[in-house]
Amino acid sequence: MTRSSLTPSSLASSSLTRRLFLLAILWIAPALIITGIILTDLFRTHAEAELSRRMAQHLDELAAVLEVTPDGAVVLARDLSDPRFRRPLSGLYWRVDGPGDRTLRSRSLWDQALDLPADTPKDGEVHRHTLTGPNHAPLVAWERSLHLPGAVAPVRAAVIADASDVQAATAGFSRALGLSLAVLAAGLLAAVAVQVRLGLGPLRRMRGALADLRAGRSNRLEGAFPGEVQPVVDDLNLLMEENRAMVERARAQAADLAHALKTPLAVIANAAAAPGGMDPAVVAAEADRMRHQIERHLARARAAPTLLHSQGGTVVLPVLRQIARTVARLHTERGVDIQVDGDARARVRADPVDLQEMAGNLIDNAAQWCTALVRVTAVVADGGVVITVQDDGPGIPADRRSDVLARGGGWTRPCRGPAWA
Amino acid sequence: MRILLAEDDAALRRQLAEALADAGYAIDLAPDGDEAAFLGESEPYDVVVLDLGLPVRDGLSVLRAWRAAGITVPVLILTARGTWQEKVEGIDAGADDYLAKPFRMEELLARVRALIRRAGGLAAAELRCGPVALDTRTGRVTVDGRPIALTAHEFKVLSYLMHHPGKVVSRTELTEHVYAQDFDRDSNTIEVFVGRLRRKLGSDLIRTERGLGYRLEAAQ
């Protein structure tokens, strides 16, 4: 894995499995490292607190066994109970500074001198000092000031412990914890791997269904998928159905156009073969018919809905107003008044360009045949939008309307009847 | 009347130029957008026929530049781009009319005539001034219903004056609107054409405003 492959763009473009793994690693690794740091710190705090507690007991015992002789000397009535105070350089020491610079030391100090920093704790206070002891061992001293009966001055009593024991214990705990967390991380990643495999199973099945589709073994994505994937499958199936319908429509339109052009072509061919030569009027008339057919089929092709619906839909009224403004300009000569009104919330699931084509053809037709007024309305009704284009022109007789809407049909001659477009 | 024709297709440009010239217009040709922009900014045209898919610079940007510069010449967009989205764009850019290819030459000529009439505030296709009538559709001129034969340049001078009735038109203005850019212009010839028109149409139809130009006025 190169560094560049971890950039956000590469994450987005890489496989979903790799992406999920990387995200899991990016989450698990810092979480476990932070956990390890926190647990190690907790362990060290606990070990130091335990050492402090034990050393406080030793300090209390030391204070209890101190006595003052009749000549004013400070002595120990008996040895302290912990045998490490008697074993040389054991790591556990005590020291008492009495009046007249007389000092008592534990046997464990052996021949080492261990000076405490200058300090005068108040009654009841325990002060803590860090020192360097025999063999440069890090030491921690707890000391208090005592007023012994018969003593002429306060006595400094201190117990000292080797802190390296705590450090060694903490390091050992940290190693064991690190190992445990590594095992946990491996377990979590294994769980992620299983989860990813199971989670992406539906996508693998969808890929298989797509492969079947490409191979022609099916004509839609078959199978049941989880709720999160099923909408995508449904949309894809819908898209393919629309695509098939569009292809069918395109074939039909191509066939219609070819059929519509054959007749004028035949007329032109016959005219060319006529004994007197080609009549320019015939050619012009047939060329005009062919141009009309081409324009008509182009308009129908443009008005056909595109495969992709626009996201969030298209607000209808602004598009209608745009078209109305343009059509009115194109019919300036006739002074056509085009009024647009309706529900401002009206939206359709269609591309704005498709809506322009559909509305443009209708409004332009109405403007072409109106006397002076075209009225366009857009109303939200039954979960859809009804766009009505009305004009004050002659309209189409009721008995000819089915001809207009029939495939290949049309109506271009104005006549009297209810006005509509 | 003088027309700028901006069209990159040589064959169509030739056909259009012939048809417009036959209809009595003086034609300047621009095969690309830069040439069209330059001519539109520097010459006074009565109409521009503008293709959108021009090389070097597209027609829509040329039109926007004209409108931004305050050039109000009527523009007819003639293009193969026939969707309503493109029509809306063209009209919003400042076009006065829009004709999609394929088109009929008669329709183009009718739309050009309509644009010229609208620019002069005229509604009818037949222009009248006293006994003189000029049918813009056929190019036929009559005096009291009697047909009058005019040469091409006489017709151009009369047509321009009839489209601006009552307005004093200078010889320079007439020259600019009667001759194409590459024509060898001589403003003195305008006097000759006006003289001939007076002989054919009546001496009191075209009045001379001394030092200013000519004014078409119906006799009282």
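**Exercises on a two-chain model**

Asp144(B) is exposed, with 9 other C-beta atoms within 10 Å. The structure is a predicted model, in which local features need pLDDT of at least 70 and side-chain atom pairs count only at pLDDT 80 or more, while totals for chains, interfaces and linings use all residues. Residues are numbered from 1 along each chain as its sequence is written, and chains are lettered from A and ligands numbered from 1 in the order in which they are written.

Task: Find where Asp144(B) lies, and compare the setting of Trp110(A).

Solution: Asp144(B) has a positive phi, near 55°, and lies in the loop between strand 8 (140-143) and strand 9 of chain B. Here helices (H or I, at least four residues) and strands (E, at least two) are DSSP runs, numbered from the N terminus. Next, turn to Trp110(A), whose phi is also positive and near 55°, and which lies in the loop between strand 4 (103-105) and strand 5 (127-132) of chain A. Trp110(A) is partly exposed, with 13 other C-beta atoms within 10 Å.

**A sheet in chain B**

Task: Work out in which order the strands of the open sheet in chain B are arranged.

Solution: The sheet has 4 strands in the order 6-7-8-9, with antiparallel pairing; two strands pair if DSSP finds at least two bridges between them. Strand 6 (126-129) and strand 9 (146-148) of chain B have a single partner strand each, so they stand at the edges and one side of each lacks a neighbour in the sheet. Looking at one pair, strand 6 and strand 7 (residues 132-135) of chain B are joined by 4 bridges in the antiparallel sense, and Glu126(B) has Asp135(B), in strand 7, as its bridge partner. These two strands form a hairpin with 2 residues between them, and Gly130(B) in the turn has a positive phi of about 65°.

**Helix 6 of chain B**

Solution: First take the length: helix 6 (residues 152-163) of chain B has 12 residues and reaches 16 Å from its first C-alpha to its last, close to the expected 16 Å, where the expected span is 1.5 Å times one less than the number of residues. Among the buried residues are Phe155(B), Leu158(B) and Met162(B).

**Where the chains touch**

Task: Describe the side of chain B that touches chain A.

Solution: 12 residues of chain B are in contact with 14 residues of chain A, contact meaning that the C-beta atoms of two residues, placed from the backbone, lie within 7 Å. On the chain B side, helix 4 (84-92), strand 5 (97-100) and helix 5 (105-119) give two or more residues each. Helix 4 of chain B supplies the largest share, 5 residues.

How values were computed: A residue is buried if 20 or more other C-beta atoms lie within 10 Å of its own, exposed if 12 or fewer, and partly exposed in between; C-beta atoms are placed from the backbone.
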